[in-house]
Amino acid sequence: MEALAGFGAGVLLALSAAIVGSSNDADRGFAFILTLQAIVAVALLLAIPGLSAEGSLLPVMAFMACVQILLIPIGLALRGKPKAAEMGGQGVKDAKSLRPAVLLKAAAYFTFSAAVGVLWVFAGALGLSAGLPDTVIGKALAVGNVAAIAGSLLAAVITSRFGRIGPVIVTGLFIILSVFLLTPGMSVGTFFIASCLYLFAWGGGLPLMMAAVADVDTSDRVTSLLPVLAFAGMGVGPALVSLGSETGSLFHQVSLTATILVVISIILFGRAHSMWTDRPENQT
């Protein structure tokens, strides 16, 4: 059952990324996707316990099935000519010439997701190691999800007004700052701030980077894989921490791994962006 649900969700995520990436306003589209994901996740977490109070999975599955049925009219409304078909042979030619920039931006997105995954997995453990109650940790992460929604909405507002590099660097710095706040002697307030910072960066950084990939991906193939890269990165990041967890404290390993991943992500993104802007037709 889980495998079937995961397969279906993966297909839908890939298609949604490709559809939004080929739209005229991909920045806002990706930002609103992450905003809605956070809102729907909170709503489902509130609804499912009540639906499953009887101890049966049937009400839960029926509820989820009803939600998925809504995809049928939405999918019919989104029918249209693919962007690659509209561009014809020139689009195929550009896709080949831009391949390095596309792959580098996708790699930067993957690495950024890995850095977020490090904090996503280990933030709670670090809070417990610092002596914080689990109830406080839960509340901090809940407030952090609100910050993630705020980050996504901000990304929808600014889009590319300040370029591509600047906002990505700022979100990376937010993650690094949150890492340095997660220390063995941190207070409750510090943990709240750290949680809000990295989740805000997650909510704001991912849609900006997804839109940047869509800018150079004329075929939408790589764009459709971005949700997969995000999940893969959020799994690889924590694994990198566990590989070196015996050589130092958990706080040190988390901070080192997340910082290195953010720096690599910014370097890859900057290099890809320079390759794109150096093309004669993109110079002003």
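**Exercises on the packing of helix H6**

In this predicted model, the axes of H6 and helix H11 (residues 226–243) come within 6 Å of each other and cross at roughly 50 degrees. Residues are numbered from 1 along each chain as its sequence is written. Because the model is predicted, local features need pLDDT of at least 70 and side-chain atom pairs count only at pLDDT 80 or more, while totals for chains, interfaces and linings use all residues; side-chain values use heavy atoms, without hydrogens and water.

**Exercise 1.** Classify how H6 and H11 lie relative to each other.

*Solution.* Begin with the cut-offs: angles under 35 degrees count as roughly parallel, over 145 as roughly antiparallel, 65 to 115 as roughly perpendicular and the rest as oblique. The angle here is roughly 50 degrees, and H6 and H11 are therefore oblique to each other.

**Exercise 2.** Classify the packing of H6 against H9 in the same way.

*Solution.* Helix H6 (residues 99–129) and helix H9 (residues 188–216) pack at about 165 degrees, with their axes 10 Å apart, which makes H6 roughly antiparallel to H9.

**Exercise 3.** Decide whether Ser265 is buried or exposed, and name residues that it touches.

*Solution.* First locate Ser265, which is found in helix H12 (residues 250–277). Next apply the cut-offs, in which buried means under 20% relative accessible area, exposed over 50%, and partly exposed in between (1.4 Å probe, protein chains only). Ser265 has a relative accessible area of 1%, so Ser265 is buried. Finally, leaving out residues up to four places away in sequence, Ser265 touches Ala108, Thr111, Phe112 and Met209, where contact means heavy atoms within 4.5 Å.

Conventions
Helices (H or I, at least four residues) and strands (E, at least two) are DSSP runs, numbered from the N terminus. Axes are lines fitted to C-alpha atoms, for helices over the stretch in contact, and angles run from 0 to 180 degrees between N-to-C directions.
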